[in-house]
Amino acid sequence: MSAQFVQFLLTGLTVGAIYALVALGFSIIYNASQVINFAQGEFVMIGGMATVWFAAAGVPYAAAIPLAVAAAAAVGLALEKFAVEPARGASVVTLIIITIGASIFLRGLATLIWDKQLHVLKPFSGDTPIVLGGATLLPQSLWVLGVSLAIVLALAWFFGRTLLGKAMLATSNNRLAAQLAGIRVRHVLALAFALSAALGAIAGILIAPIAFTSYDVGVMLGLKGFAAAILGGMGSGAGAVVGGIVLGIAETMSAGYISSAYKDAIALLAMLAVLFFLPSGLLGRRGTERV
Amino acid sequence: MAARFATPRAGGMAALAALIALLPLGLRNDYFYDVAILVGLNAIVCVGLNLLVGYAGQISLGHAGFFGIGAYGSAILATRYGWPPLAAMLAATLAAAAIAFAVGRPILRLRGHYLAMATLALGVIVYMVISTEDRFTGGPDGMTVAPLAIGGWALRDPRLWYWVVGALLLAAVWFALNLIDSPTGRALRALHGSEVAAEVVGVDATRHKVMVFVVSAVYASIAGSLNAHFSGFITPAKVTFLHSIELVTMVVFGGMASTFGAVVGAAALTTLPQVLTPLKDYEMMVLGAVMMGTMIFMPRGVVPSLQALLTRRRDAAAAAAAPAPRPGDGQ
């Protein structure tokens, strides 16, 4: 393996971990409510921008980051309560327009509270690169990979071992049956939005020191997170992680070896290819639709 | 019904024609004409998009892509290669139709969210190509476009453009209304209701969906070409995802499955930013709030909701005037 290849692999893994977090957010909301939340990318933006804002106000990272994540989770809750819940049972097109409307609204709000400038967040632990087999790795990349891994493990534990997590899974399998078994389905929905918003915000905070953050950073990251979720199989947690990593590496490799002009198109082409030829994704359940 | 117009369709066409004819009385300067022309062009796109979204029930979040293919196809052929603008426009329209036809079959197999994301991806890919291939398109800075010339005579005066766009809008509406009333239109509505049921009674769902997708792409492409020639300058801003969203919002705001609703939606949301110019900072928030509010409180859109209200009122009035009011119809 050449040093260059290792370099692309490491960069791809870092970016892929971010896509995986965003994809997990899509999957959690989709499982709980069958809604694709087009405002998912805005949580990423809120995480990054709010942290920059708190940090600029002199709040240390240890407080600024939880505050930013909490702010995003609050926005997620509000989105569920004021935009998705009132349209319960509406058609797919209606829900799509509502969540897109929410994303545009949030982006507009961000330009009012903050601005339209590019911001960069100071890395969590310096920016002295670590040399690894001829390739260099930023300490921030280790943060991205470490935190993402921890989150994936925590989510696996949450959905596999805790009562609340199982209640969420039960709701996604059969809403009515879950309700009859005594699960408060509305709370599960709210929790799904808050959890997925928090995941998006964490992704936005982790990537902000490497890539810039700005009011419109959520559009592309949201789209790529969705592409990752589709690639892995919508609704599958493991699929979201695999999809994110595969997409991140594919994107970095093609940018490095072929051309970087169409780097952002790779995710979209991959998504279209999966939708056309493998609609249930790499790890998704093969399902048939009832008429 | 008979007391009002022969049919709502003829009445609507007459009302639209009258509105287009009388509107110039209120257009005080070139700026007003510019806005009116923009409304007309957006309305043409929306009438086409409404066939797809409102009647066939297939969402597209990528129609700015077809608008862009029309605009840039026309611009590049007419300006860089010196084609006659009408020929360039025709070629661009054919290109948009061919692309829509080629991707239509695999894309329209998808449903709901997947269809939304796939069309979105298609639109964004067109945007990326346009802003990257700067040798042809001028990249993000845009390019100048030759005016619409027929023979040696160039169409430049906004007052003339107004009548051209007005006539084309009427033609677009007329064609859409005829399509809706044809067997094809009934097939489209059938597959909106239930695709399986439609196939059971013999409707070739895929063929009809692809056809209406191509028709809506042609509408968008023609409007794109006209927009490029009219403004003399085109940038990728007209091809963004946001523009696709604005187009869909116009359709659902005016009212899905209502051709005149699409025109009303285009008019409302095109003039809104002009009215909001002093509040430029709030423009995005207002657009987002309008989208959410319409969908939550008036999911059928403005025109169908008003129509339902008027019908209820008239029924109530008729019931009050009649000697024996029908039960349950009182004020």
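Student: Where is the place of Ala228(B)?

Tutor: This is a predicted model. In it, Ala228(B) sits in helix H10 of chain B, residues 205–231.

Student: What does Ala228(B) touch, leaving out residues up to four places away in sequence?

Tutor: Its partners are Ala71(B), Ser74(B), Ala75(B), Val145(B) and Ile234(B). For scale along the chain, take Ala205(B), 23 residues from Ala228(B). Their C-alpha atoms are separated by 35 Å.

Student: Next, a helix pair. At what angle do the axes of H2(B) and H12(B) cross?

Tutor: Roughly 140°, with the axes coming within 8 Å. H2(B) covers residues 30–55 and H12(B) covers residues 259–275.

Student: Why is H2(B) called oblique to H12(B)?

Tutor: Roughly antiparallel needs an angle over 145 degrees. The crossing angle is roughly 140°, which makes H2(B) oblique to H12(B). The crossing is right-handed.

Student: Which residues in H2(B) meet H12(B)?

Tutor: Start with the general idea. An α-helix has 3.6 residues a turn, so residues three or four places apart point the same way. Now the case here. H2(B) brings Val35(B), Leu38(B), Val39(B), Asn42(B), Ala43(B), Cys46(B), Val47(B) and Asn50(B). Across from them, H12(B) brings residues including Thr259(B), Ala262(B), Val263(B), Ala266(B) and Thr270(B). The residues of this contact divide into ten nonpolar, seven polar and no charged.

Student: How many residues of H9(A) are buried?

Tutor: 15 of the 16, so H9(A) is largely enclosed by the rest of the structure. After H9(A) comes Gly233(A), with a positive phi near 110°.

Student: How many residues of chain A are in contact with chain B?

Tutor: 33 residues of chain A, against 33 residues of chain B. On the chain A side, the elements giving two or more residues are H4 (92–113), H9 (217–232) and H11 (263–277). H4(A) gives the most, with 16 residues.

Student: How do the residues on that side of chain A divide?

Tutor: Sort them by class. The side of chain A that touches chain B has 27 nonpolar residues, four polar and two charged.

Terms used
Residues numbered from 1 in each chain as written. Chains lettered and ligands numbered in written order. Predicted model: local features only at pLDDT ≥ 70, side-chain atom pairs only at ≥ 80, totals over all residues. Contact = placed C-beta atoms within 7 Å. Helix = DSSP H or I, 4+ residues; strand = E, 2+ residues; numbered from the N terminus. Nonpolar A, V, L, I, M, F, W, Y, C, P; charged D, E, K, R; others polar. Axes fitted to C-alpha atoms, helices over the stretch in contact; angles between N-to-C directions. Parallel < 35°, antiparallel > 145°, perpendicular 65-115°, else oblique. Left-handed = near helix turned anticlockwise from the far one by under 90°. Buried ≥ 20, exposed ≤ 12 C-beta atoms within 10 Å, placed from the backbone.
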